[in-house]
Amino acid sequence: MEIRRSALSAVVGLGLAAATLAAVPAQAATAQSTTTASAPTSSYAAYEKSKENAAATKAFHEAVMESVAKKRAANPGAASVTVVYSAASAPTFRTQIARSTQIWNSSVTNVKLVEGSNPDFRYYEGNDSRGSYASTDGHGRGYIFLDYRQNQTYNSTRVTAHETGHVLGLPDHYSGPCSELMSGGGPGPSCTNAYPNSAERTRVDSLWR
């Protein structure tokens, strides 16, 4: 659950080790070590407060917002904005993705996630030393990468819901409690909460109003 940004990409992930991503995440994943990076909560908290983290979180959200802007303009009277995703490249996590979608759709009212064609973002799976992360090229094309090993260590639905939270505009907050979805890996593997708290729900609805 971390963000790293270069001139071409912004990344949000669960671990702290990161690098500039290639355009095709599956290729990037095979080039990485399969050992998941780990760091103490203090390291998470330090990165969370960095300007780099704040800028990349904002870049990711803005890219997704740009992708759905035309749909919003075409139907200004709609009660909510629809964000389309594809889970075709993450078949192992289809159940967790569906559950994460259900959690978010029942938690907020101004934006809805649906699976379909011509997606605003995609899910991928594989092995990556950075763990799971969300990435965008800054032009409305983004993806969420789900790392196998990390999803065995942490609650997989929490990981998926957390990364999806970045798509909806929420930043990491590693120093937060387990009850806060965006605290990510901060509370440790024993935390299994996959639901956003009231402040997170309110923030998403405000961003997508």
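Is cysteine 191 buried or exposed, and what is its relative accessible area? Cysteine 191 is buried, at a relative accessible area of 3%, where buried means under 20% relative accessible area, exposed over 50%, and partly exposed in between (1.4 Å probe, protein chains only). The model is a predicted one, in which local features need pLDDT of at least 70 and side-chain atom pairs count only at pLDDT 80 or more, while totals for chains, interfaces and linings use all residues. Residues are numbered from 1 along each chain as its sequence is written, and side-chain values use heavy atoms, with hydrogens and water left out.

The overall architecture comes first. The protein holds 7 helices and 7 strands, where helices (H or I, at least four residues) and strands (E, at least two) are DSSP runs numbered from the N terminus. Read from the N terminus on, the elements follow the order β-β-α-α-α-β-α-β-β-β-β-α-α-α. Of the 209 residues, 53% count as buried. Among contacts (heavy atoms within 4.5 Å) between residues at least 6 apart in sequence, 66% join residues at least 24 apart.

A disulfide is a covalent bond between the sulfur atoms of two cysteines; here it is assigned to a pair of cysteine sulfur atoms within 2.5 Å. The count by this rule is 1 disulfide, and it joins cysteine 178 to cysteine 191 with an S to S distance of 2.0 Å. Both cysteine 178 and cysteine 191 sit in the loop between H6 and helix H7 (198-207), 13 residues apart. The torsion about the S-S bond of cysteine 178 and cysteine 191 is about 90°, so the disulfide is right-handed. In contrast to the buried cysteine 191, cysteine 178 is partly exposed, with a relative accessible area of 29%.

Asparagine 155 caps the N-terminal end of H6, with a side-chain oxygen 3.2 Å from the backbone nitrogen of threonine 157. Just after H6, glycine 169 adopts a positive phi of about 110°.

What does leucine 113 touch, not counting residues up to four places away in sequence? Its partners are Val83, Tyr85, Thr101, Trp104, Asn105, Phe121, Thr164 and Leu168. Leucine 113 belongs to strand S4 and is buried, with a relative accessible area of 3%. The C-alpha atoms of leucine 113 and leucine 168 are separated by 9.7 Å, although the two residues are 55 apart along the chain.

Glutamate 115 lies in strand S4 (residues 111-115) and arginine 94 in helix H4 (residues 94-107), so the pair ties together parts that are 21 residues apart in sequence. Glutamate 115 is partly exposed at 43% relative accessible area, and arginine 94 is partly exposed at 36%.

Aromatic contacts complete the picture. Rings of Phe, Tyr and Trp (its six-membered ring) pair if their centres lie within 6.5 Å; planes under 30 degrees apart count as stacked, over 60 as edge-to-face and the rest as tilted. The whole structure contains 7 aromatic pairs. One of them, tyrosine 85 with tyrosine 123, is edge-to-face, at 5.5 Å centre to centre and 90° between the planes. Tyrosine 85 lies in strand S3 (residues 81-89) and tyrosine 123 in strand S5 (residues 121-126), so this pair ties together parts that are 38 residues apart in sequence. Tyrosine 85 is buried at 5% relative accessible area, and tyrosine 123 is buried at 0%. The rings of tyrosine 133 and phenylalanine 145 have their centres 5.2 Å apart and their planes at 15°, so that pair is stacked. Tyrosine 133 is in strand S6 (residues 133-136) and phenylalanine 145 in strand S7 (residues 142-147), 12 residues apart. Together, Tyr124, Tyr133, Tyr143 and Phe145 form one aromatic cluster.

Definitions and conventions:
Polar contact = N/O pair within 3.5 Å; in protein donor to acceptor, adjacent residues only side chain to side chain.
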